[in-house]
Amino acid sequence: LLKLGVTTLQQDPKINVFLDWSEVPGTVKYNVYLRNSKSQEYGGAIAGIGAHEYTAGVNKNLDNYFMIQACKAADSCISSNEVFLPKQ
């Protein structure tokens with residue numbers, strides 16, 4: 001199970017959001033996805049990383065949504081829960 005958590009680090013007018021998640025054994029890459037209240041769907045990953053943490057800059061005037069994928073191969077990914085961060 002891939003579980004995503006969020007910690008907000010305050011900075012105006014944007015905020016940095018620290019994302020961390022449970023490590024999934026055998027994962028070669030974690031994809032980080034972000035969308036906000038202006039976009040209906042997730043686009044491409046904003047990061048593809050080997051670590052299981054990431055700091056994202058977001059606009060605090062919009063609702064923000066985050067999701068992570070753990071990939072063992074290009075066609076073998078599992079998705080985390082979605083985390084909602086309401087506008088500040």
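Student: Is Tyr 33 buried or exposed?

Tutor: Tyr 33 is buried, at 13% relative accessibility. Buried here means under 20% relative accessible area, exposed means over 50%, and partly exposed lies in between (1.4 Å probe, protein chains only).

Student: Good. What sort of model is this?

Tutor: It's a predicted model, where local features need pLDDT of at least 70 and side-chain atom pairs count only at pLDDT 80 or more, while totals for chains, interfaces and linings use all residues. Residues are numbered from 1 along each chain as its sequence is written, and side-chain values use heavy atoms, with hydrogens and water left out.

Student: Back to Tyr 33, then. How do the rings of Tyr 33 and Tyr 42 meet?

Tutor: Their centres are 6.2 Å apart and their planes are at 75 degrees, so the pair is edge-to-face. Rings of Phe, Tyr and Trp (its six-membered ring) pair if their centres lie within 6.5 Å; planes under 30 degrees apart are stacked, over 60 edge-to-face, and the rest tilted. Tyr 42 itself is partly exposed, at 22% relative accessibility.

Student: What sits over the ring of Tyr 42?

Tutor: The charged end of Arg 35, 5.5 Å from the ring centre. That charged end also sits over the ring of Tyr 65, 4.0 Å from its centre. The rule asks for NZ of Lys or CZ of Arg within 6 Å of the ring centre and within 35 degrees of the ring normal.

Student: Which side chain meets Arg 35 in a salt bridge?

Tutor: Glu 82, at 3.8 Å from N to O. A salt bridge needs a side-chain nitrogen of Lys or Arg within 4 Å of a carboxyl oxygen of Asp or Glu. Arg 35 is buried, with a relative accessible area of 16%, whereas Glu 82 is partly exposed at 42%.

Student: And how many salt bridges are in the whole structure?

Tutor: One, from a search of the whole structure.

Student: New topic: which cysteines form a disulfide?

Tutor: Cys 71 and Cys 77, with sulfur atoms 2.0 Å apart; the cut-off is a pair of cysteine sulfur atoms within 2.5 Å. The link is right-handed, with 105 degrees about the S-S bond.
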